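Colleague: I would like to learn how to read a few features of a model. Please give me the general idea each time, then the case at hand.

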Amino acid sequence: MRVTDSLMSQSFLRNLNASTNNMLKYQKQLATLKEVSKSSDDPLRVSKILDLNNTIVQTDQYKTTINDSIQWTNVQDSALDSATKSLQRIKTLIQASANDTLNHSDRQAQKREVEAEISGVVDALNTNFGGRYVFGGVNTTKIPFEVDKGSAGEITGISYHGTIPDVSGNLTREIAPGVSIELNTDGTVFINEKGTTGSPDNISTFFTDVLQALESDDTEKLSGLLDKADQQLDNVVANRSKVGSIFNRLEATLERNTSEQLNLKTMLSENQDIDLAEKYMEFTMENTAYQASLSMGTKILQTNILDYL
């Protein structure tokens, strides 16, 4: 009889200990609102949670890069819009100055306005975003464009001090694992449409020719420069279109990134967070079983003086 009682007591204590551990587990889960608190609780689940957290951090970093790149392209678009307006105004002034009815004094006034618009083009192309010049190539800290002036202060053209690479001066940004995009930051596409140093389509040469024609009242040359003005406008518009296509790709990538973030966080929640109502019900049931075990234990473990005889 004593052997049976001893076995019952041992079995009860084991069950009570297991119930106590379960109670502590549920209490910890309810307190932290997490399924696991340490790797020993569930090594496989904890490994998956760590992987998900790392992926979420990486996705957040890509999102920051994408948002920065979107803002960058917005600034570029605004700058090119300003440059386009200045070039359109220069073309209008060339058309007006090619009229034989204007005198030298009138063309000098037109020349001064053209000089102001040239400075406007340079200012637009020198736009910076957060202290970084958006058309300076890969060297974003150095002012890329400068108005060249002669000894008398007259404008003689513009020069480019940004990156002049062998292949491309565009900045590259990684926007997803194994996926990169080039921002249109190579300023040489504006200073020289054809990409060769001696090109007659060089915008600096164009500006110089316009100012010289205005100074000498050369209406025939001014008329011929209208086609050059269209070329420069087309070049800026074409590059603005490139910026727009980059913006559209970044927007699409941001949408995918946001969707991926949501999916990852949902998966993380499913693996890490508890269902509060379900977990409380489990705790309540375990607590009821625990209380019942304690009640039963008072009968199993109660002793009698006859047990010692």
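Colleague: Which residue in S4 is the bridge partner of phenylalanine 145?

Modeller: Two conventions come before the answer. This is a predicted model, where local features need pLDDT of at least 70 and side-chain atom pairs count only at pLDDT 80 or more, while totals for chains, interfaces and linings use all residues. Residues are numbered from 1 along each chain as its sequence is written, and side-chain values use heavy atoms, with hydrogens and water left out. The partner of phenylalanine 145 in S4 is tyrosine 160.

Colleague: How many bridges join S3 to S4?

Modeller: Helices (H or I, at least four residues) and strands (E, at least two) are DSSP runs, numbered from the N terminus. Two strands pair if DSSP finds at least two bridges between them. Here strand S3 (residues 145–149) and strand S4 (residues 155–160) run antiparallel and are joined by five bridges. The two strands form a hairpin with five residues between them, and glycine 153 in that turn has a positive phi of about 90 degrees.

Colleague: Is serine 69 buried or exposed?

Modeller: The classes rest on relative accessible area: buried is under 20%, exposed is over 50%, and partly exposed lies in between (1.4 Å probe, protein chains only). Serine 69 counts as buried because its relative accessibility is 0%. Serine 69 sits in helix H2 (residues 43–97). Leaving aside residues up to four places away in sequence, serine 69 touches Arg173, Leu183 and Leu250, where contact means heavy atoms within 4.5 Å.

Colleague: How many salt bridges does the structure hold?

Modeller: Side chains of opposite charge can pair when their charged atoms come close. The criterion is a side-chain nitrogen of Lys or Arg within 4 Å of a carboxyl oxygen of Asp or Glu. By that rule the structure holds nine salt bridges. One of them joins lysine 85 to aspartate 81, with the closest N and O atoms 3.4 Å apart. Both residues lie in helix H2, four residues apart, about one turn of the helix. Lysine 85 is exposed at 51% relative accessible area, whereas aspartate 81 is partly exposed at 23%.

Colleague: Which residues are linked with Asp81 and Lys85 in a network of salt bridges?

Modeller: Asp77 and Arg240 are linked with them in the network.

Colleague: Which residue forms a salt bridge with lysine 111?

Modeller: Glutamate 215 does, and the closest N and O atoms are 2.8 Å apart. Lysine 111 lies in helix H3 (residues 104–125) and glutamate 215 in helix H5 (residues 203–215), so the pair ties together parts that are 104 residues apart in sequence. Lysine 111 is buried at 13% relative accessible area, and glutamate 215 is partly exposed at 38%.

Colleague: Which residues line the largest cavity?

Modeller: Rolling a probe the size of a water molecule over the atoms shows where empty space is left. On a 1 Å grid over the protein atoms alone, a cavity is a set of points where a 1.4 Å probe fits but cannot get out, and lining residues have an atom within 4 Å of a point. The lining of the largest cavity consists of Ala83, Leu87, Val121, Leu125, Phe190, Ile203 and Val236. H2 and H3 each supply at least two residues of that lining.

Colleague: What is the volume of the largest cavity?

Modeller: Its volume is about 40 Å³, taken as the space filled by probe spheres set on the points, with grid points joined across faces, edges and corners. The structure holds one cavity of 30 Å³ or more.

How values were computed: 1 Å grid on protein atoms, 1.4 Å probe; cavity = no way out; pocket = protein on both sides within 12 Å on 5 of 7 lines; lining within 4 Å.
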